[in-house]
Amino acid sequence: MKVTETGAKGSQLLTEDSLQKNSAEHEGYAGVHSPARITETDDTNATESKDRLLEKIVSRDNLNEAFKRVKANKGSHGIDGMGVDELLQYLRDNGETIKQLILGGKYRPNPVRRVEIPKENGKKRNLGIPTVVDRVIQQAIAQVLTPIYERQFSDNSYGFRPKRSAHHAMKRSQQYVQEGYRYVVDMDLEKYFDTVNQSKLIEVLSRTIKDGRVISLIHKYLRAGVVVKHKFEDTEIGVPQGGNLSPILSNIMLNELDKELEARGHRFVRYADDMLIFCRSRRSAERTLTKILPYIEKKLFLKVNREKTIVDDATKVKFLGFSFYQSKGETRVRIHPKSVSKMKAKVKELTSRSNGMGNTDRALKLRRYIMGWVNYFKLADMKQLLQTTDKWMRRRIRMVFWKQWKRVRTKLERLISLGIHEQKAWEYANTRKGYWRISNSPILSKSLGNNRLKNLGFLFFSDYYRQVTAHS
């Protein structure tokens with residue numbers, strides 16, 4: 001079977017024997033502090049295969065399922081430039097060779113491509129985009145590991161797990177607050193994915209995974225490196241956020257913390273690396289934080305952000321975009337003000353007068369955003385919020401139309417065609433008032449009424465919220 005030469009587009013078949021790092025690639029790399037080394041046991045022997053787990057990973061059915069998942073998720077290309085549309089043919093040509101390289105311990109994953117995603121605070125989150133072939137292999141590993149580790153995972157963990165969601169995490173949190181656990185430790189693990197101690201993770205994996213070849217393959221993915229602006233950098237610490245393996249490896253590592261908290265009798269909820277520990281008093285919460293810090297930092301080798309980790313009343317913290325409040329003795333959920341601000345900024349962007357977007361495209365993008373946003377936040381009490389948001393959004397949409405009409409003649413013709421009396425249409429077509437002021441006028445409210453905007457394809461938050469909650 002012909003194998004594509006390394007370096008060409010779509011090249012995937014890097015082997016232990018063929019790969020040599022160019023020392024020039026490392027120039028300018030600042031490096032990181034070496035993580036604490038943990039003595040590896042015989043369980044990590046790369047040639048040992050007690051349970052033949054690797055054969056399950058590379059089985060035809062498992063790889064086919066992994067391919068379908070990667071294909072459905074689409075996503076960007078890795079460093080080789082290959083997209084998901086080219087994946088099927090490549091696997092047909094090279095799949096058997098890749099499988100044999102993996103089974104023989106010779107497969108070498110490609111480095112990930114660094115992508116920076118802006119965060120709410122103005123900083124950047126580093127994502128590592130693997131090649132599409134490596135995404136298939138990572139997905140295949142994750143599919144086999146998931147049922148093994150699901151039996152071990154805590155009932156208080158909700159992120160990246162089958163049949164569990166942020167909604168479940170919020171309902172459990174709401175229950176704890178209602179039961180009187182009104183104070184929380186809002187734990188912030190500093191750059192969690194970037195700071196995971198790989199040696200500790202390998203040690204934890206080796207307690208359960210007895211096929212050393214699987215441990216070795218996972219370790220290769222951890223150490224595959226990253227390409228930043230065409231320059232290679234080693235990855236001696238961390239789990240690249242963005243790969244298909246990252247979620248389950250994250251949960252495997254933090255399950256250690258879950259088990260420790262359970263052993264100490266704490267009530268807590270964790271969603272990925274977001275965690276709340278619930279206590280009955282502020283003093284108890286402060287004591288809990290003081291006692292758990294040494295375990296996190298000295299046993300798990302993770303970093304706690306001391307500035308962002310706080311002890312506070314549960315109603316004053318933001319968790320997964322939500323917050324809690326008390327009403328008539330009942331703990332209820334609402335949307336955190338920061339999440340509302342973020343939503344309004346997105347709507348403002350999509351209804352900008354100068355983004356060059358056509359109205360059909362604008363309506364479609366708004367519809368998609370509104371549906372996703374409402375489905376995520378539908379747990380919260382937000383009827384009044386959505387009504388005021390819709391009113392503001394409709395005014396912005398009318399402003400866009402008014403600006404698009406531009407010339408006096410066009411405004412006159414459009415207003416008349418939309419049912420406005422000729423004299424009134426003439427007055428407004430010749431007005432010198434600004435776009436925003438006119439957008440709130442009775443004339444535009446009548447000519448571009450709510451139903452007309454709906455007929456043009458625009459969806460409103462309140463309407464979709466009623467639709468969603470009616471079926472829940």
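1. The open sheet here has four strands in the order E4-E3-E6-E7, and its pairing is mixed. (Strands, E, are DSSP runs of at least two residues, numbered from the N terminus; two of them pair if DSSP finds at least two bridges between them.) Strand E4 (124-129) and strand E7 (231-233) sit at the edges with a single partner strand each, so one side of each has no neighbour in the sheet. From one strand to the next, the twist averages 40°; axes are lines fitted to C-alpha atoms, with angles from 0 to 180 degrees between N-to-C directions.

2. Before going on: this is a predicted model, where local features need pLDDT of at least 70, side-chain atom pairs count only at pLDDT 80 or more, and totals for chains, interfaces and linings use all residues. Numbering starts from 1 along each chain as its sequence is written, and side-chain values use heavy atoms, leaving out hydrogens and water.

3. Within that sheet, E3 (residues 112-118) and E6 (residues 226-228) run parallel, joined by two bridges. Val 112 is opposite Val 226 in E6.

4. Now E9 (residues 274-279): five of its six residues are buried, so the strand is largely enclosed by the rest of the structure. (Buried is under 20% relative accessible area, exposed over 50%, partly exposed in between, with a 1.4 Å probe and protein chains only.) E5 (residues 183-188) pairs with E9 antiparallel over six bridges, with Val 185 opposite Ile 277.

5. E8 (residues 267-271) also runs antiparallel to E9, through five bridges. The two form a hairpin with two residues between them, and Ala 272 in the turn has a positive phi of about 55°.
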